[in-house]
Amino acid sequence: MARESDIHGAFVAAIKKDSRGRQVVTTAAFQKQLDDANHVWTLQECNRWIRRYQTFFFELVTEQSENKTYALRNMG
């Protein structure tokens, strides 16, 4: 059974480091982690949640598809 508390954990589990050492997450990776936690979300729903609740992440690559790439902002 899906729990609301699983959403943030799925997001954290989807974060990876890229070749430049930045912490990045793709919408598809987040969706896969949610699916593993029994949440069935579309890519649009994933993007909406990331934009609303993960303000420290910005859209790294602006492309037309719904599979977006987000990177952690440099805070200092």
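Are Phe11 and Trp49 buried or exposed? Both Phe11 and Trp49 are buried, where buried means under 20% relative accessible area, exposed over 50% and partly exposed in between, with a 1.4 Å probe and protein chains only. The views below show a predicted model, in which local features need pLDDT of at least 70, side-chain atom pairs count only at pLDDT 80 or more, and totals for chains, interfaces and linings use all residues. Residues are numbered from 1 along each chain as its sequence is written, and side-chain values use heavy atoms, with hydrogens and water left out.

**View 1. Phe11 and Trp49 form a tilted aromatic pair.** Their rings are 5.7 Å apart centre to centre, with 55° between the planes. Rings of Phe, Tyr and Trp (its six-membered ring) pair if their centres lie within 6.5 Å; planes under 30 degrees apart count as stacked, over 60 as edge-to-face and the rest as tilted. Because Phe11 belongs to helix α1 (residues 6-14) and Trp49 to helix α3, the pair ties together parts that are 38 residues apart in sequence. Helices (H or I, at least four residues) and strands (E, at least two) are DSSP runs, numbered from the N terminus.

**View 2. Trp49 and Tyr53 also form a tilted pair.** The ring centres are 5.5 Å apart and the planes stand at 40°. Being 4 residues apart in helix α3, Trp49 and Tyr53 are separated by about one helical turn. The relative accessible area of Trp49 is 12%. Phe11, Phe30, Trp41, Trp49, Tyr53 and Phe57 make up one aromatic cluster.

**View 3. Helices α2 (residues 27-36) and α3 cross at roughly 100°.** Their axes come within 9 Å; axes are lines fitted to C-alpha atoms, for helices over the stretch in contact, and angles run from 0 to 180 degrees between N-to-C directions. Helix α2 is therefore roughly perpendicular to α3, since angles under 35 degrees count as roughly parallel, over 145 as roughly antiparallel, 65 to 115 as roughly perpendicular and the rest as oblique. The contact (heavy atoms within 4.5 Å) involves Thr27, Ala28, Phe30, Gln31 and Leu34 of α2 and Leu43, Cys46, Asn47, Trp49 and Ile50 of α3.

**View 4. Gln54 is placed in the loop between α3 (43-53) and β3 (57-61).** With 12% relative accessibility, Gln54 counts as buried. Apart from its neighbours within four places in sequence, Gln54 is in contact with His8, Phe11 and Trp49.
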